[in-house]
Amino acid sequence: TGKTIISFVFDSATDFYHEKAVVSYHNNYYIIDRMSNVTKELTGLYNVHKFTDGLARAYKNGKCGYVNLDGEVVVPFIYDMSPIVFRNGYASIKRDGLVGVIDLSGKVTSPIKYKSIMPFSKFGLTEAYINDPDIEGEDLCGVIDANGNIIVPFTYFSCSINDDLELIKARTRDSIYIYDIKGRLIKKVKK
């Protein structure tokens, strides 16, 4: 429409989420409303990202955490990073090279013990990877829920979740396994 949504005085701006956005100006971050009014200065924070699920990932003193739409700290700044921002109520956090899961309150719901995890599906499931204890440099894939319960065991080369079909595909070097989202094996196919 050609209308200015956010004033051109800011160095950067994120998308709006529930009428709020994060902007930066001269290396300082702020939360603004749709009229470009500053509703909160995010003092001491840097690399502040857009709001997802009502929280914005940010960094302070080299550590990662999350603030809410009012700029209040919800997830303390104690993590090395958050590789996957909130989606469907969960985010990944990383500490000492390992990844775990937190909920919107900042509670660790899945232990910090995985090499990596993928974004959560709409069913609250994610593909997770651990180091293969038998083969150095190789990873094993499994599927966990947000509480760390194993849905598909960590015995596969790769895994993928199909939300639309409500299926999980897991691969070994010579076979493909199809599971339902409850972790019940439906079919095994030799490659």
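1. Tyrosine cluster. In this predicted model, Tyr156, Tyr177 and Tyr179 are linked into a cluster by ring pairs. The structure holds 6 aromatic pairs.

2. Where the partners sit. Tyr90 belongs to strand β9. Phe120 lies in the loop between β12 (116–117) and β13 (125–131). The two residues are 30 apart, so the pair links distant parts of the chain. Their surroundings deserve a look too. Phe120 has a relative accessible area of 2%, so this residue is buried. Tyr90 reaches 22% and is therefore partly exposed. The cut-off for buried is under 20%.

3. The sheet that holds β9. Strands β9, β10 and β11 make an open sheet of 3 strands, in the order β9-β10-β11. The pairing is antiparallel. β9 (90–95) and β11 (108–114) stand at the edges. Each has a single partner strand, so one side of each lacks a neighbour in the sheet. On average, neighbouring strands are turned by 20° against each other, direction ignored.

4. The β10 to β11 contact. How many bridges join β10 to β11? There are 3, and the two strands run antiparallel. Strand β10 covers residues 98–103. For a position to check on screen, take Val101: its bridge partner in β11 is Ser110.

5. Most residues other than glycine have a negative phi. His26 has a positive value, near 50°. Asn27 also has a positive phi, near 65°. His26 is placed in the loop between β2 (20–25) and β3 (28–33). Asn27 lies in the loop between β2 and β3 as well.

6. Are His26 and Asn27 buried or exposed? His26 has 52% relative accessibility, so this residue counts as exposed. Asn27 is exposed too, because its relative accessible area is 70%. The cut-off for exposed is over 50%.

7. A charge over a ring. Which ring lies under the charged end of Arg34? The ring is that of Phe16. The charged end sits 4.3 Å from the ring centre.

Key
Residues are numbered from 1 along each chain as its sequence is written. This is a predicted model: local features need pLDDT of at least 70, side-chain atom pairs count only at pLDDT 80 or more; totals for chains, interfaces and linings use all residues. Side-chain values use heavy atoms; hydrogens and water are left out. Two strands pair if DSSP finds at least two bridges between them. Helices (H or I, at least four residues) and strands (E, at least two) are DSSP runs, numbered from the N terminus. Axes are lines fitted to C-alpha atoms, for helices over the stretch in contact, and angles run from 0 to 180 degrees between N-to-C directions. Buried means under 20% relative accessible area, exposed over 50%, partly exposed in between (1.4 Å probe, protein chains only). Rings of Phe, Tyr and Trp (its six-membered ring) pair if their centres lie within 6.5 Å; planes under 30 degrees apart count as stacked, over 60 as edge-to-face and the rest as tilted. A charge sits over a ring if NZ of Lys or CZ of Arg is within 6 Å of the ring centre and within 35 degrees of the ring normal.
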